[in-house]
Amino acid sequence: MYEGPVQDLIDELGKLPGVGPKSAQRIAFHLLGVEPPELDRLQAVLQKIREGVRFCAQCGTVADGDLCRICADPRRDRSMICVVEEPKDVPAIERTREFRGRYHVLGGALDPLSGVGPEQLRIRELLTRIGSQDDGVDVTEVIIATDPNTEGEATATYLVRMLRDFPGLTVTRLASGLPMGGDLEFADELTLGRAFSGRRTL
Ligand SMILES: [Zn+2]
């Protein structure tokens, strides 16, 4: 236990996910030693987040402008949409280099016990995207890449039901092999890449 702002800093850092008391202390003392401009940059970034982060008008991931970099990229395949739960799943799949289409971020997974139903997720936006031709190109494949856990599976099942009636649309799900109960973002690149290339039609 320390006195004053140092302990406050340790306490705040310790509230972050994945940061235990020892790490919190190490980061705090690291910050005490950095040059003032570096602290200014950190403070400025936190302030920007405080003012509000923007989300891509199309896919819903974090963006710097109206559209995220992937949606704005004309080289990405507009006929494929990969559905994920959270923005953090996008870089995880990008790292596998298996996917050249675009994404759709749901904003979570179905979890009735916690009050998360279809209306709380960006499912209607997904259906609109598919139904209205993304930029004039028919969407021919939707890859469901929700997390390999109970909520993720329930969400996948629900999506399959909703997407069944779109003519000419193939719905696929990542192959098994991902650690069950886990988070997509924690799967290693190789495993996730294999799950991607071995995806199966539902
Ligand atoms: Zn986007």
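Buried means under 20% relative accessible area, exposed means over 50%, and partly exposed lies in between (1.4 Å probe, protein chains only). The model is predicted: local features need pLDDT of at least 70, side-chain atom pairs count only at pLDDT 80 or more, and totals for chains, interfaces and linings use all residues. Residues are numbered from 1 along each chain as its sequence is written, and side-chain values use heavy atoms, with hydrogens and water left out.

**Exercise 1. The zinc site**

Task: Find which protein atoms are donors of the zinc ion, and describe the site.

Solution. 
- Step 1: Apply the cut-off. Donors are N, O and S atoms within 2.8 Å of the metal (3.2 Å for Na, K and Ca); water is not among the atoms, so sites may look incomplete.
- Step 2: List the donors. They are the SG atoms of Cys56, Cys59, Cys68 and Cys71, at 2.3 to 2.4 Å from the zinc ion.
- Step 3: Read the spacing. Along the sequence, the donor residues follow C-x2-C-x8-C-x2-C.
- Step 4: Check the angles. Four donors count as tetrahedral if all angles lie between 85 and 135 degrees. Here the four donor atoms make angles of 106 to 117°, and the zinc site is tetrahedral.
- Step 5: Check burial. Cys56 is buried at 3% relative accessible area. Cys59 is buried at 1%. Cys68 and Cys71 are both buried too.
- Step 6: Count disulfides, meaning pairs of cysteine sulfur atoms within 2.5 Å. The count is zero.

**Exercise 2. A helix pair**

Task: Describe how α6 and α7 cross, and name the residues that meet.

Solution. 
- Step 1: Locate the helices. Helices (H or I, at least four residues) and strands (E, at least two) are DSSP runs, numbered from the N terminus. Helix α6 covers residues 123–131 and helix α7 covers residues 150–163.
- Step 2: Compare the axes, which are lines fitted to C-alpha atoms over the stretch in contact, with angles from 0 to 180 degrees between N-to-C directions. The two axes come within 11 Å and cross at roughly 35°.
- Step 3: Assign the hand. A crossing is right-handed if the near helix is turned clockwise from the far one, and left-handed if anticlockwise, by less than a right angle. The crossing of α6 and α7 is right-handed.
- Step 4: List the contacts (heavy atoms within 4.5 Å). From α6 come Ile123, Leu126, Leu127 and Ile130; from α7 come Tyr158, Leu159, Met162 and Leu163.

**Exercise 3. The whole chain**

Task: How many helices and strands does the chain have, and what box do its C-alpha atoms fill?

Solution. 
- Step 1: Count elements. There are eight helices and seven strands.
- Step 2: Take the box along the principal axes. It is roughly 65 × 35 × 35 Å.
- Step 3: Of the 202 residues, 42% count as buried.

Terms used
Tetrahedral: all angles 85-135°; square planar, octahedral: opposite > 155°, others 65-115°.
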